[in-house]
Amino acid sequence: MQKLLLTIDKISTFIGHTFSWFIVALTLLISWEVFSRYALDNPHAWAFDVMIMFYGTLFMMAGAYTLSVNGHVRGDVLYGFFRPRTQAILDLTLYILFFIPGVVALVWAGYYYAADSWRINEHSNITAEGPPIYPFKTIIPMAGGILLIQGIVEIIRCIICIKEGEWPSRTADVQEVDVDKLKEMVHVKDEDIQQLDKFVIQQEHGK
Amino acid sequence: MKIRRELWFGFSLMALILLTIVIFMPWSNMSSGHLGLLMLALIVVGIMLGFPTAFTLMGMGVFFAWLAYRSVNPDLAMRQVLDLFVQRSYGVMSNDVLIAVPLFVFMGYLVERAALIDKLFRALHLATARVPGSLAVATIVTCAIFATATGIVGAVVTLMGLLAFPAMLKAGYNVKVSAGAVTAGGCLGILIPPSVLLIVYGATAGVSVVQLYAGAFFPGIMLAGLYLAYVIVLAKWRPELMPPLPEEQRHVPLPAVAQRLSQRGKHALAGLFSAVRSSPPDVSKRTVLGQLFVSLTPLFAVVALLGMMWHLATVPVIEVNTAGLGLTTGSSADTKDEASTGLEAPPAESGGLSEPPAESTATPSSGVAEPPKEEAKPEAAAPPVTSTPAGSKATAGAPVAESKAPDATVAAVAPARLPTPDWLWITLCISVVVLGIVYFLWTWERLEVFKMLLTSFFPLALLILAVLGSIVFGLATPTEAAAVGAFGGFLLAIAYRFIEHWRSVPKGKPKSAAIGSSIKELGSILKDSSFLTAKTSAMVCWLFIGSAIFSAAFALLGGQELVEKWVLSLDMTPIQFMILAQFIIFILGWPLEWTEIIVIFMPIFIPLLPHFNIDPLFFGLLVALNLQTAFLSPPVAMAAFYLKGVAPPHVTLNQIFAGMMPFMAIQVIALVLLYVFPGIGLWLPHTLYK
């Protein structure tokens, strides 16, 4: 079971990682467009549409990945203080109550939305000869679908946690605040921090 | 069962909300508006339960939107909800304001990973060594600059907790004051533009991000200034909290050349000039010239700036109407303002400056101050042409003007430059005096400190000013500026990583190894930054998708009308309303994070503003300032936990919280100041855009 969960995690992460390269593409595209407009005096009409599509695809497809690494913002007033089992019970209830209806609605609605767009061969109307927009709209059901699968994985995680009393492990991923990496970056070692303690204690005694 | 204190706090808050609902809901005759309010109260409870907020919003929004439609037409309800939901989601996907979020986040991660913060802190620490409370001052300045460029609170607080916090403890600084300086400083990044918070507010409230950036600039500087003033006054008043640094910590190590030359006298400039004439046998002329060039960079920069300003101020009228709008309005105001309008010119010129670090990588020669030096060159070359007086100016100006204005009559007038305005002369005098003082005090130690600043402080400051300047002066949209900024951040990372690898190659080994290892490291930097960017933007933007359907449901149910009716029935004055609104946001900042507050609650406040004649721009600035407190207020004070994570074990959370309190008080003072003198925030956007 755990193996299956981790595999699906890996798939979500792989998709997320792949699409996160869009940010590099987006940066380069816009930088080039700015350069092309100001320096070469050659703006491109399609640039704006493509920028929007890159941005939309980037964050939509990263949704499941973010869920798989527990990256969506939570209100952490109480949650952190609960025991894992309580956390899991709460999560399980709310996944079924909020997540499943919300995301199913997104996939369902997105499917018809994209299908309509394909049927009429929709093109962007921001500029006169806009690029086709139906692939971009297809992203909605796709991203929703992956998110739904990842959500089911999370639900199974909750059930396992309720049974076993602790959260099943996740695969490691880059952290925003990776303390060890940051320590390495500024060349600080744990011993240094330990040694600092004497200054703190000294100060406490000084009072 | 023993329940923790924090749990009590949360549960009682939740119970309070639920109780209020039960008591005040007119259960017998519920209108759909009441359902909306019920939804609002439930969402607060829902968020506090700790489920990912985006999906709480989504689920609740879909359900309540269905309720709203069902009351009108049960048959069509499901269809309508789905249509509404997908259209709202698509609106977020194709939002041309939010597109700047991933780009700015990406820029932040890249700058953070360029690993220049320790250099920056060391340079500022030495530069401020004589100021009372110098380490705390250096900490806050470092935070302000670095946090502004990166905008990632957690990373900045952690890094400063690793760098500045130990330094302050070792110097005998009080634990609380040190903790306060690190945490408060680290949060400045979300206020001082370019910040993601302002984009999110702009996208939610429909306020121009450009104006928000222009408006938040001075309040941000003011807040940083207030922190600094507090620290300095405290250090003067109670020196035992922040003892002055011992001599050895203030000492600036001089390189061999400087030591050799400093025997001739303390003054660096005089020493260098004499060395150019007759250099000592063991010092090469090239080094001396290099040092001299570094010493003269401030002069070059000022000359370039003045030349630029002179050019902008005196170009023929046709040009002034379009390009120099800010400057012409400035010339009608009083002299002091004029000087400052003039001083804002640099961003215009620094628009191109995000590029030069590229040159430094292309020509990675030995010098420490290489990147900025390269920067100065093209500028330094430019001004002599524009600022040469009379004769050459007329000839140089003529072809340009003619080519721009082919119309015969205009061309006849165009070549004549406008007379140089008075304020430019005043600026010139001031700069000459300032440069005079600077060069009078230019000792060898100061030259070293300046060199350190040149490699850490100025590139970062230039990047920020270039991004901000091009946005504020309308040269680029926030999206474009963010993209170019991210590109600049990457170049910065390339430059710093490459220099470090280049230096770490042991003597005798081929230097080419540095290229391979830095490419490898840059690859991993790029990879990590993209992944983190994807996660952060997914987090923010999915929250928007959730809130899109949620706020639609709230409006459909008529909750908005009910709130409006209720607020208007209270018959408040605008001031009372403002205080109430800010107070609510302040309170919400305790349990919630800024993203949730803005995304969920701003759509409720914003429609109320016109009733009280409050400018949404001004409201946004107050909110941004107010949300600074959200980072420092327990129990969800993220900053405190990040610091605790890297602090020595005997530093308690309570100590950190206690240290943050004075800074929170300063934030409230800043909020009041901004409210009493709205000009602090509104002057710049009004001068530029109205």
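Visitor: Where is B:Asp571 placed in chain B?

Guide: Helices here are DSSP runs of H or I with at least four residues, numbered from the N terminus. B:Asp571 belongs to the loop that joins helix H28 (559–569) to helix H29 (574–588) of chain B. This is a predicted model, in which local features need pLDDT of at least 70, side-chain atom pairs count only at pLDDT 80 or more, and totals for chains, interfaces and linings use all residues. Residues are numbered from 1 along each chain as its sequence is written, chains are lettered from A and ligands numbered from 1 in the order in which they are written, and side-chain values use heavy atoms, without hydrogens and water.

Visitor: What is the phi of B:Asp571, and is the residue buried or exposed?

Guide: Buried means under 20% relative accessible area, exposed over 50%, and partly exposed in between (1.4 Å probe, protein chains only). B:Asp571 has phi near 60°, a positive value in a residue other than glycine, and is exposed, with a relative accessible area of 65%.

Visitor: Where does B:Asn613 lie, and what is its phi?

Guide: B:Asn613 sits in the loop between helix H30 (594–605) and helix H31 (616–632) of chain B. Its phi is near 55°, again positive in a residue other than glycine, and B:Asn613 is exposed at 74% relative accessible area.

Visitor: Which peptide bond is cis?

Guide: The bond from B:Pro193 to B:Pro194 is cis, with omega near 0°. B:Pro194 is found in the loop between helix H9 (175–187) and helix H10 (196–205) of chain B.

Visitor: How is the size of an interface often given?

Guide: It is often expressed as the accessible area lost when the parts come together. Buried area is that loss (1.4 Å probe), summed over both parts. Chain B and chain A bury about 7800 Å² between them, 76% of it on carbon and sulfur atoms. B:Phe51, B:Met93 and B:Trp542 supply 10% of the area that chain B buries against chain A, more than any other three residues.

Visitor: How many salt bridges are counted between chain B and chain A?

Guide: A salt bridge requires a side-chain nitrogen of Lys or Arg within 4 Å of a carboxyl oxygen of Asp or Glu. The count is one: A:Arg37 pairs with B:Glu480, the closest N and O atoms being 2.4 Å apart. Helix H27 (residues 512–557) of chain B gives the largest share of the side of chain B that touches chain A, 17 residues.

Terms used:
Helix = DSSP H or I, 4+ residues; strand = E, 2+ residues; numbered from the N terminus. Buried area = accessible area lost by both parts, 1.4 Å probe.
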